[in-house]
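Here is a short briefing on the structure shown below. Read it with the sequence and the model side by side.

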Amino acid sequence: MNEFIQAMGFGLVTASVLALAAVGLTLQFGVTNYANFAYGDIMTLGVYLTWALTTAAHLNFAIALVVAVVAMAGITAAVAEGVMGPFVRRRSPTVVLLMVTFGLSLILNSVILAIWGANSDAFQLPGTQPLHFGPLLLTPIQLTIIGGSIVAMVAIHLLLTRTGIGKRMRAVSDNRDLARVSGISPTPVVRATWAITGALATLAGVSLAVEASQFSPGLGEGFLFVIFAAVILGGVGRPYGAMLGALVVGLVTEVVALWLPQYKLDVAFVVLILVLLLRPQGLIASAGKV
Amino acid sequence: MSTLLPIFATAFMYVIIYAILSIGLNLQYGVTGIVNFTYYTFVAIGAYVAGVLTLGKPPAGSGETYILGLNLPFPVPIVLAALVAGLFGGLLALTVFRRLRSDYLAITTLCAGTVAFDIVTNSTGLFNGPNGIYGVPTPLASTFGVPPQNSYMVLIPIGLVILGLVWWVAHCIDLSPYGRTLRAIREGRDAAASFGKNTLRLQLGVMILGCAIAGIGGALTVEFVGAFNPSAFETVETFVVYAAVILGGPGNNLGVILGAVLVQGVIIQGSLYLPTIGAESLVPAIRNMVIGAMVILVLYFRPRGMVGETRPQLGVPRRWGIGRTLAPGSRGEADS
């Protein structure tokens, strides 16, 4: 029983990392209406940027993370504008857009390999004692990940419901043509979305790297399919669905890890197949996205 | 001369294998518009199946573990490899083809690839885990008395025959009403369905056939190289086949063979002989950047590739993939 509760605790940590990543991916998927296969590599690039700032520029970890998040928001928006923009403007078919993000994934991964090499690295964070919460045992780092993720989710909620750009993002995601005839120009909305995606990807990537205690250039790519499972489970373009999907997938992976530790992430594939067979629109359905 | 011959023969063999793979992927991506981001997983399935069927039982005390080990004669392993790879392709397709957009298939294939990698790496009893299988003998080599280092002397003729067969099958599909329907699905699945075409069954058929061709390519790879391990599951391997299809000419079987010559023969085999600069991984990383950038540039500036898809003219039978090229814009791009 204690093992099970402890697994649920780890599940919350995984779910927190996954929620950051899944919300970033689903916002962009919803607004631009195509999947981004370079997302895992954007996460990894954010991790290496943070790491370079702490090691080469000797910045404090928290400051380095903030700088990296801001920088990655800009880099992601610029890359999306420069590479994806021309294809979107000429209305290329989805198949072509998917291929371009796939190519972008290869390029970003190669850039990371060329600059930082193929070896594993790790953040030098102060070692800390795990804290007891009844039967739960969590390190301060894991608690920080959970807390940070909750703060980020609240921030995303406020952004989407209380700000103009957030409301425009929801409008474009729900129905791009209707948003356009209502006087919303999609271009700035798409740019803002890519920036938010880049920021969330970096937060998710660094959380993942810290939680796994080491990282290599394949970090994000290896995790991408789990993120997609959470996104599709929640319903594409549905940030609250993605949070819910992340919670479900996070808890399920850690509970499965009790019996099959080496296959814990693969259970996400089972979840994905079940969703596609039983409820392809996701937990929170949205029109025109299936 | 004697030192250059093996180098060129090896490169030539890889080009043959990649030409076969490109034709299989072209059926899926180029002709039908199916995005399968784990094409190389089916190559791996073919390679492993052919490998364990060709090998005997694992030698005692070697620490190797793999299933089967049936010691079957050529060409049985290649045929069975194609069947198994096609079967897995069909199973994957069944779960996602019902009425989902291309994004979902792409996502599901990506997930399936990662899971397949995990299974092969962790279940060491299946295909010897992370070390992979090795020591796979070249078919017919003992019959003709060819030494192992010259395995290409046997495999190049076999590969050329198989490439010819695969090309012929794809070419016949190209000319047939079946091929026309597949193109119709690519341009608009709902439109094709509204004409009474069973798009699910047709797409399923293409997944099975394309993945079976991948399995044949994998079988040839393992019989040529003699070994196969899970590092083949890296995303870049699938991307290289896509690069051949996209640069060569999606929808044109001769075009994608040309693409395989360019990507595998020139860029990849060529880069093996570049001097090492900096870290060991730097040259391959730069090579991959170049391939990725070329694909994106071609998709933008020349979506038809080097040799575009051809369109039949009234009264003129379409032959050999040469004919009037498709007008720009017919692959769904707007003119602007």
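Two residues are in contact if their C-beta atoms, placed from the backbone, lie within 7 Å. By that rule, and leaving aside neighbours within four places in sequence, A:Leu53 is in contact with A:Leu59, A:Ala64, A:Val67 and A:Ala68. This is a predicted model: local features need pLDDT of at least 70, side-chain atom pairs count only at pLDDT 80 or more, and totals for chains, interfaces and linings use all residues. Residues are numbered from 1 along each chain as its sequence is written, and chains are lettered from A and ligands numbered from 1 in the order in which they are written.

**Confidence**
- Chain A has an average pLDDT (the predictor's confidence in each residue, from 0 to 100) of 91.
- In chain A, 98% of the residues score at least 70.
- Within chain A, confidence is highest in helix α2 (residues 39–55), at a mean of 96, and lowest in strand β1 (residues 131–133), at 80.
- Helices (H or I, at least four residues) and strands (E, at least two) are DSSP runs, numbered from the N terminus.

**Around A:Leu53**
- A:Leu53 sits in helix α2 of chain A.
- A:Leu53 counts as buried because it has 20 C-beta neighbours inside 10 Å.
- The cut-offs are 20 or more other C-beta atoms within 10 Å for buried, 12 or fewer for exposed, and in between for partly exposed, with C-beta atoms placed from the backbone.
- A:Ile63 is 10 residues from A:Leu53 in sequence and 8.9 Å away in space, C-alpha to C-alpha.

**Interface of chains A and B**
- In chain B, 42 residues are in contact with 44 residues of chain A.
- On the side of chain B that touches chain A, α4(B) gives the largest share, 13 residues.
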